[in-house]
Amino acid sequence: MTMLGILFILSSVVPFYLGFDKLLNYSNNYNSSLDASTSYLTAVESVNAYVGGDAYNYIINANYFTGYMVLGLALILIGGIILICNQIKQSKNNNHNHYTPEGTRIIEGRSIQE
């Protein structure tokens, strides 16, 4: 189970990278002209540009960024919960012999008064 939690946490790197790529890497090389036949969007030079207007592209990229960040944080949260649950399970398994606050010793589920 520990490896699964670590895998979730490490896999959060991918959405974080994709989100910051959408936020920081933007270039729109859209040539506007009155003649519709010469108006084009060059896919080779444009990065993270979907439509002609910059404001629309910023809105779209901001939504992508938010989605990727939520996905990355969810993966970290799931991985952290798995690691915490695994640690609690291990600590319960290791505490077969312990004392209660009243001084009663508990050995594998049986109370023994000393």
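What you have open is a predicted model, in which local features need pLDDT of at least 70, side-chain atom pairs count only at pLDDT 80 or more, and totals for chains, interfaces and linings use all residues. Residues are numbered from 1 along each chain as its sequence is written, and side-chain values use heavy atoms, with hydrogens and water left out.

**Colour by confidence**

Next, colour by pLDDT, the predictor's confidence in each residue from 0 to 100. The chain's mean is 81, and 70% of its residues reach 70 or more. Where pLDDT is low, the predicted coordinates should not be read in detail.

Of the 114 residues, 21% are buried, meaning under 20% relative accessible area, while exposed means over 50% and partly exposed lies in between.

**Select helix α2, residues 13-24**

The end C-alpha atoms of α2 are 16 Å apart, which agrees with the 16 Å that its 12 residues should span at 1.5 Å a residue; the expected span is 1.5 Å times one less than the number of residues. Now show P15, G19 and K22, the buried residues of α2. They sit on the same side of α2 because they cover an arc of only 60° around the axis, taken from the directions from the helix axis to the C-beta atoms. Their cover includes α1 and α3. Turn to the face pointing away from the buried side and you will find the exposed residues V13, V14, Y17 and L24.

**Zoom in on N48**

N48 is in the loop between β2 (40-41) and α3 (54-94). With a relative accessible area of 12%, N48 is buried. Leaving out residues up to four places away in sequence, N48 touches D21, K22, N25, Y26, N57 and N61, a contact being heavy atoms within 4.5 Å.

- The backbone oxygen of D21 is reached at 3.1 Å by the side chain of N48.
- The backbone oxygen of N25 is 2.5 Å from a polar atom of the N48 side chain.
- The side chain of K22 makes a polar contact with that of N48 at 3.3 Å.

A polar contact is a pair of N or O atoms within 3.5 Å; within protein, one must be able to donate a hydrogen and the other to accept it, and residues adjacent in sequence count only if both atoms are side-chain atoms. Although N48 and N25 are 23 residues apart along the chain, their C-alpha atoms are separated by 7.1 Å.

**Finish at G79**

Move to G79 in helix α3. G79 counts as buried because its relative accessibility is 0%. Beyond neighbours within four places in sequence, G79 contacts G5, F8 and I9.

Definitions and conventions:
Buried < 20%, exposed > 50% of the residue type's maximum accessible area, 1.4 Å probe, protein only. Helix = DSSP H or I, 4+ residues; strand = E, 2+ residues; numbered from the N terminus.
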